[in-house]
Structures are given as structure tokens and as C-alpha cells.
Amino acid sequence: MTTLSPQDLDLGLDTFGDVTRDASGELISDAETIRNVVDQAVLADEVGVAFFGVGEHHRPEFAISSPEIVLAAAAARTKNIHLGTAVTVLSSDDPVRVYERFATLDAVSNGRAEVILGRGSFIESFPLFGYDLRDYEALFEEKLDLFSQLLIEKPVTWRGALREPLTDANVFPKTGHGLTAWVGVGGTPESVVRAARYGYGLMLAIIGGPAARFRPFVDLYHRSLDSFGRDRLPVGIHSPGHIAETDQLAWEEAYEGFESMNNTIGKERGWPAYSRGRFQHDVGPEGSLYVGSPETVARKITDTVQRLGGTRFDMKFSTGTLSHAKMMRSIELFGTRVQPLVRDMLSS
């Protein structure tokens, strides 16, 4: 266990822009989903949440394929909350354009932009943008190397195998204070070491099993930072959840969304059918779902960040077809009830 003070921890919220159902049970449009996400970011800011992350996807279950545009809309209506991605699929994008878009978001948000870079657990973007999946690993390694040089905000001379070289390329706009950047990791040692080598914060996507099993990756990250001569950098955790007034209500509200999403993705990946038994295990102490009353979720977040030494915890509050109204209530409870409870628990 790691001793953390309340000041050491930021709490955030993530969404993939899951397409939801209206009061009649009908799926709403992508356009309405996106507008709802902006409203969700505004509420998160109003209740004092530190970060709001939006994922990039290119498939029918999720409405958001251009997170930076959604975040820019949120920036115009918020004041304090940091705005970023969860994640940006760098492998199938151009590092120069990614830097330019986030530097622009940083400008319009007055320094509140963050980017979490990942390889992508979904692969739809690769054929969509003309990339060969056989280059999956090489694309991310090479593009992360280039992006790391762009973050210095000086002219870049760079050469790789999968992209045209750059010679003394000056990229705009400049942020003036640097862009906050993380690497999202699903749990491979190579990814952890890579994040440390390039000097990125480590964002652990814990979507299965107990959080404690990721402690060796945190220790590896810190050892790797030391071996590369780098200062300590932040460690974050991203996991799914939902909050309602009671455990039972939260479970009942959340189950259908988790079932539909797991069965849709599971059909593609060969997973067994989702069940109530698995759900109840996953919301328990050894599971990766933070679903329950504010007290239950706060205890589980506190235990996780203490076990892993995390300096940020981001709860993915959208899963499947859970309604906008229920997500708004979950955000409200996260900010007004869970955050104070976590800080009290860390202080005790």
C-alpha cells in the first residue's frame, strides 16, 4: 500500500460517447449523443471534477471519432476542468496533426488540454485510414518517437521507416508551457517501459480483474524512469463505473449497458456471454467495475489508488446504452459525493 494525501490525487471522468437510448427505449442519434457529451463535460466542471476524457472510436456503438472537436466545444463552456482523450489512436494518425490539434485545443481552453496516446484496442481506424495491421507495433513506436520530439516545440529533424522524414520542420501553434501527455497502457511490460523511456505519464486501463495485479507494472515504470534518468511522473488509472444513490440501484441501472457492450464486443473477440454472476463479481472488491453507491465507489477508488500509488483515477461513466439522464446523475454524485469521501478516506 502507498500512502497518499488528498492533494496527491486528481479524479476524472471518461466517456467513449456511447450511443444511448431515450425515454422510449429508442437509440438516439450520433449528433444528439455528441451534444449530450458536451453537456456532461459542463456538469463535470460545475461539480469540481479535475479531468474529462473523450475516447476516439470508428464504429457504430460510439459517436465520437474526432474527440478534439468535442473537447473544443466543451472548452468554450467550461472554466477549470482539464480536457483530453481516452485515448487518441496515434498509430493510425499523423503525429504532426495530433500535436497541432491538441496545441490548438490547449489555446482555446487556456492551457487545459491533455492527450492520452494509445495503440488502440479497436482496429477499425487502421484500414479506414490506410494502415497495415501488420505494422501495428512499429507504427506506434515510430509515431510516439516523432510525437515526443514535437512536444519539445522546436524545429524537428526526424527520419523513420513508415513515414516521410522531416527536416527542420517547425510546427505550430506553440503552447508556451508544454502539452500534458500520457501513454495509455493495457498491461504489457514493453508498453510500460516505452512510456518511461519517452517520458510520458502512465495511464493504466484496468478493465478486468483486481487492480492489485497491476502493481508490478507501476513498480516497473518507476524503475524504468530511474534507469532512464527521469524524474517521477504521474500514474493514472482508467476503469469503468456508474454511481447511483444505492448499490442495488446502481447495479440495476448499469447492468444492461455492460451486458450489451460486452456481448457486442465479445462476439467479435470470442468472449463468453456476459452474465449477472460475472457482473456481480466485477463490482465486488476483486473486480474492475466501480459501480455502486457513492460510499461503495469511494472506498474502492481509495483502495485502488493506495494499492497502486496512483495520482489520478478516471472513471469511465458511460457504458452501452445507459441513458443520458442516469449518466448526468452519476457525474453529479461523482463530483459532489465521491470526491469528498475519497479525500476524507485518504486523510484518515
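**A pocket, a lysine and a helix**

Author: One thing before we start: this is a predicted model. In the second largest pocket, helix H10 (residues 294–308) gives the largest share of the lining, with 6 residues.

Reader: Nice. What volume does the second largest pocket have?
Author: The volume of that pocket is about 290 Å³. It is lined by 17 residues, and the closest to its centre are Gly284, Pro285, Glu286, Lys300 and Asp303.

Reader: And how does the lining of the second largest pocket split by class?
Author: There are 6 nonpolar, 6 polar and 5 charged residues in that lining.

Reader: Switching topic: is lysine 316 buried or exposed?
Author: Lysine 316 counts as buried because its relative accessible area is 7%, under the 20% cut-off. It sits in strand E12 (residues 312–316).

Reader: Which residues is lysine 316 in contact with, leaving aside its neighbours within four places in sequence?
Author: Its contacts are Asp14, Phe16, Asp18, His238, Ser239, Pro240 and Gly241.

Reader: Good to know. How far does helix H1 reach from its first C-alpha to its last?
Author: H1 (residues 30–46) reaches 25 Å, close to the 24 Å expected for its 17 residues at 1.5 Å a residue.

Reader: Which residues of H1 are buried?
Author: Among them are Thr33, Val37, Val38, Ala41 and Ala44.

Reader: And what covers the buried residues of H1?
Author: The cover includes strands E1 (10–15) and E2 (51–54), along with helices H2 (67–77) and H11 (324–347).

Notes
Residues are numbered from 1 along each chain as its sequence is written. This is a predicted model: local features need pLDDT of at least 70, side-chain atom pairs count only at pLDDT 80 or more; totals for chains, interfaces and linings use all residues. Side-chain values use heavy atoms; hydrogens and water are left out. Helices (H or I, at least four residues) and strands (E, at least two) are DSSP runs, numbered from the N terminus. Buried means under 20% relative accessible area, exposed over 50%, partly exposed in between (1.4 Å probe, protein chains only). Contact means heavy atoms within 4.5 Å. On a 1 Å grid over the protein atoms alone, a cavity is a set of points where a 1.4 Å probe fits but cannot get out, and a pocket is an open set with protein on both sides within 12 Å along at least five of seven lines; lining residues have an atom within 4 Å of a point. Grid points are joined across faces, edges and corners, and a volume is the space filled by probe spheres set on the points. Ala, Val, Leu, Ile, Met, Phe, Trp, Tyr, Cys and Pro count as nonpolar, Asp, Glu, Lys and Arg as charged, and the others, Gly among them, as polar. The expected span of a helix is 1.5 Å times one less than its number of residues.
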